[in-house]
Amino acid sequence: MTSVIPIPPSFNADGSFDIKSTVKYLSFLQTQQVSTVMTTAGTSLFNLLDDQETRMLNETLYARFSGKKIIGIPPLSLNSTLKFLDKQIENFPMYDATYTNHQNHHFMFLYPDRFYEEKTLIDYFTKISKHINSRIYIHTMPMRNGRGGEWNYTASLLNELYEEGVLTGIKEEY
């Protein structure tokens, strides 16, 4: 079994993003022979970072960690997610124009809305996967059900995404 270490951002005393301490932490993890790291909406505090800082955190992870990387993308609408990805990938030095040179990493996505029906989720994640020509991770955090209560991802939905070549793995919350 492989541990995946989530990366929290570091902050300066004035509250600004401290990239140097994040680099230092990634170096420490490499000396400890950690094989996989990730950024994620919760632990990586995307809600406290602006888009540029989130991309900078992801770029630092991409450039400064030689092991496997799971790169979290903030929960955004489909069009905003695709734009965020295009801007993010622009700054990844190993990527080519068709997004096919994704050697050591995958992207991870968190659906940004309430659950209404599975087709919407399937379409959302399928369009993202096709946009980057790669299987993706899904952060399967339970979400509010638009008709009341809470909804959890089902095995049938995840199996369908896997069989369609969309899903490579999940970050689960339960």
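Okay, quick one from me today. Keep in mind that this is a predicted model.

Let's start with the rings. How many aromatic pairs does the structure hold? There are 6 of them. Take F107 and F109: their ring centres are 6.5 Å apart and the planes meet at 45 degrees, so we call that pair tilted. F107 is buried, at 2% relative accessible area, and F109 is buried too, at 1%. Then there's W151 with Y153, also a tilted pair, with 5.0 Å from centre to centre and 55 degrees between the planes. Those two residues, W151 and Y153, are both buried. And Y111, Y124 and F125 come together as one aromatic cluster.

Now, the core. The largest nonpolar core counts 41 residues, and among those with the most contacts inside it are F107, F109, F125 and Y153, along with L85. Several elements give it two or more residues, including α1 (19-31), α3 (78-90), β4 (105-109) and α5 (155-163). Which element gives the most? That's α4, with 6 residues. As a general point, nonpolar side chains in soluble globular proteins tend to be buried together.

Setting aside neighbours within four places in sequence, F125 is in contact with F109, Y111, I136, I138, Y153, L161 and V166.

K69 lies over the face of Y62, 5.8 Å from the ring centre. The charged end of R135 sits over the Y162 ring, 4.6 Å from the centre.

That's it from me, thanks.

Key. Residues numbered from 1 in each chain as written. Predicted model: local features only at pLDDT ≥ 70, side-chain atom pairs only at ≥ 80, totals over all residues. Heavy atoms only, no water. Phe/Tyr/Trp six-rings, centres within 6.5 Å; stacked < 30°, edge-to-face > 60°. Buried < 20%, exposed > 50% of the residue type's maximum accessible area, 1.4 Å probe, protein only. Lys NZ or Arg CZ within 6 Å of the ring centre and 35° of its normal. Core = buried A, V, L, I, M, F, W, Y, C linked by side-chain atoms within 4.5 Å. Helix = DSSP H or I, 4+ residues; strand = E, 2+ residues; numbered from the N terminus. Contact = heavy atoms within 4.5 Å.
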